[in-house]
Amino acid sequence: MSRRSLSSSPPRDIKRPRLIPLTPDDYRNGVMLAPMVRSGAPRLGPEMVDKAMVLAERVVDPISGTISYNGKQERAMFTCHPIEKPYLIFQVGSADPDLAVQAARVVMDDVSGIELNCGCPKPFSTHAGMGAALLTNPDLLCSILTALRRELPPHISVSAKIRLLPKQEDTLSLVERIVNTGINCLTIHCRTRNMRPRERALIHRLKEVVDFVKGFGGDVAVIENGDCVGFEDARRIRSITGADSVMIATAAEANPTVFSPTPLTNLEETFILPYLRLVRVLSLSTWSARGRNITCKYLDNHWASTKFCVSQFKARKSANKALREAVIKAKGYTDLDALVGTWTGDEEFTAIKASIEARATAPPILLPLSEDTLQPQSQSQGMARKSRPDRGQRKTRERRRPTDYWEEDRRHFPGAGT
Ligand SMILES: Cc1cc2nc3c(=O)[nH]c(=O)nc-3n(C[C@H](O)[C@H](O)[C@H](O)COP(=O)(O)O)c2cc1C
């Protein structure tokens, strides 16, 4: 029996989205959520690598339509819903073109694009030649992207997420090779492999890279990643770098509503309860292809992952901490029943579906790039900044406000943010 034969059809009330290929334009004018294991996947560790995905079992929840790719012990490694497919890119870790293609084929019907992770500095990636190790092995990196582009159907976009290399000229050489593989989009995390997450991203280096890619005349979107704290901040970063879009990780982990021009502020009051309802929800039994009885929920979130995510949500000093403390003490979802109330999550799920559906006809959310896109005063000035911040710059990002960045960038890019 094939892996998909048992439960691959969506439930009757879930429409399959139309198959609309992503183009580089779809990567433009956006503020995107960055890939994040731990926050987006149930456990720490190297789950999203090609070998694991090749063996994953695809299970569809018959009520919600949620699709889970389950690994060992039938825990979901990757969960998605058909409604998010037009906006969903699957990122894979790989050091092998054939395995990357095999993994991509496993998930490609549920996503719009496949991205190669070329930035993860963790040993579980790099020791196997994956993630940031690819940055110093451009032949392998490009052979994987070439294989993905050649072997996947044209409606599946192919992209890469890299980091800056210590030297700008090496970054440009790498980018040139990557762009020539025919990918649709390149995300650049503006930190080097050895930089710590709390060091300030080197976004001043990106403008030259963006101009370089545009100079090829090819159609590759460039996304900035690093230090963006929200919608307004994305406008600032975009105006400095000229990037097509901006991608947010840690700020979104702290407050998943930062993509909105009017993000929620008091998450204890507004966000955590609905989030808890959504991630646990219905305990529905279905039969897996392996013949065992398993449980699917809307998001199939492992309790440890839910707890981790809640612990990352930004707290306000004045906030009522009772809920947060209850989550920290709880050993499982049932410990929260009294606080959270009815566990259906249906309302939250319906609201999310409606808002995603509305986007199909809405204008792009972002960021028209203004005519007066800012240029650094001189290239040498931009390049001269140190790759490691001095002591004064080594504030944690949590302590910095967007306006701090605006002030600094005004000094380097007069007119920034106007
Ligand atoms: C919890 C966590 C998990 C991450 N997982 C991934 C990952 O799986 N793939 C990846 O390319 N980057 C990953 N990153 C890096 C982010 O995508 C992003 O490049 C980095 O955090 C810089 O963006 P920021 O300054 O907005 O945080 C992760 C970051 C965090 C905080």
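User: So pLDDT is the predictor's confidence in each residue, from 0 to 100. What does the protein chain average?

Analyst: The chain averages a pLDDT of 78, and 74% of the residues score at least 70. This is a predicted model, where local features need pLDDT of at least 70, side-chain atom pairs count only at pLDDT 80 or more, and totals for chains, interfaces and linings use all residues. Residues are numbered from 1 along each chain as its sequence is written.

User: Ok! Where is the pLDDT below 50?

Analyst: One such stretch is residues 42-46, which has 14 contacts beyond near neighbours in sequence. (Two residues are in contact if their C-beta atoms, placed from the backbone, lie within 7 Å.) Residues 281-297 also stay under 50, and there the model has 42 contacts beyond four places in sequence. Where pLDDT is low, the predicted coordinates should not be read in detail.

User: Good to know. Switching to helices: how do α4 and α5 cross?

Analyst: Helix α4 covers residues 138-151 and helix α5 covers residues 168-179; their axes come within 9 Å and cross at roughly 25 degrees. Helices (H or I, at least four residues) and strands (E, at least two) are DSSP runs numbered from the N terminus. Axes are lines fitted to C-alpha atoms, for helices over the stretch in contact, with angles from 0 to 180 degrees between N-to-C directions.

User: So what do we call that arrangement?

Analyst: α4 and α5 are therefore roughly parallel to each other. (Under 35 degrees is roughly parallel, over 145 roughly antiparallel, 65 to 115 roughly perpendicular, and the rest oblique.)

User: Which residues meet there?

Analyst: Pro138, Leu141, Cys142 and Leu145 from α4 meet Leu174, Arg177 and Ile178 from α5. That contact has six nonpolar, no polar and one charged residue. (Ala, Val, Leu, Ile, Met, Phe, Trp, Tyr, Cys and Pro count as nonpolar, Asp, Glu, Lys and Arg as charged, and the others, Gly among them, as polar.)

User: And how does α2 pack with α4?

Analyst: Helix α2 (residues 97-107) packs on α4 at an angle of about 40 degrees, with the axes 8 Å apart. The two are therefore oblique to each other. On the α2 side, Pro97, Ala100, Val101 and Ala104 meet Ser143, Ile144, Ala147, Leu148 and Glu151 of α4. By class, that makes seven nonpolar, one polar and one charged.

User: What about α5 and α6?

Analyst: The axes of α5 and helix α6 (residues 206-215) come within 10 Å and cross at roughly 35 degrees. Gln168, Thr171, Leu172, Val175 and Val179 in α5 meet Glu208, Val209, Phe212 and Val213 in α6.

User: Last one: how many residues surround the ligand?

Analyst: 23 residues surround the ligand, and the closest are Ala34, Pro35, Met36, Ala249 and Thr250. (A residue is near a molecule or strand if its C-beta atom, placed from the backbone, lies within 6 Å of it.) Helix α8 (residues 250-254) gives the most to this shell, with three residues. The shell divides into eleven nonpolar, eight polar and four charged residues.
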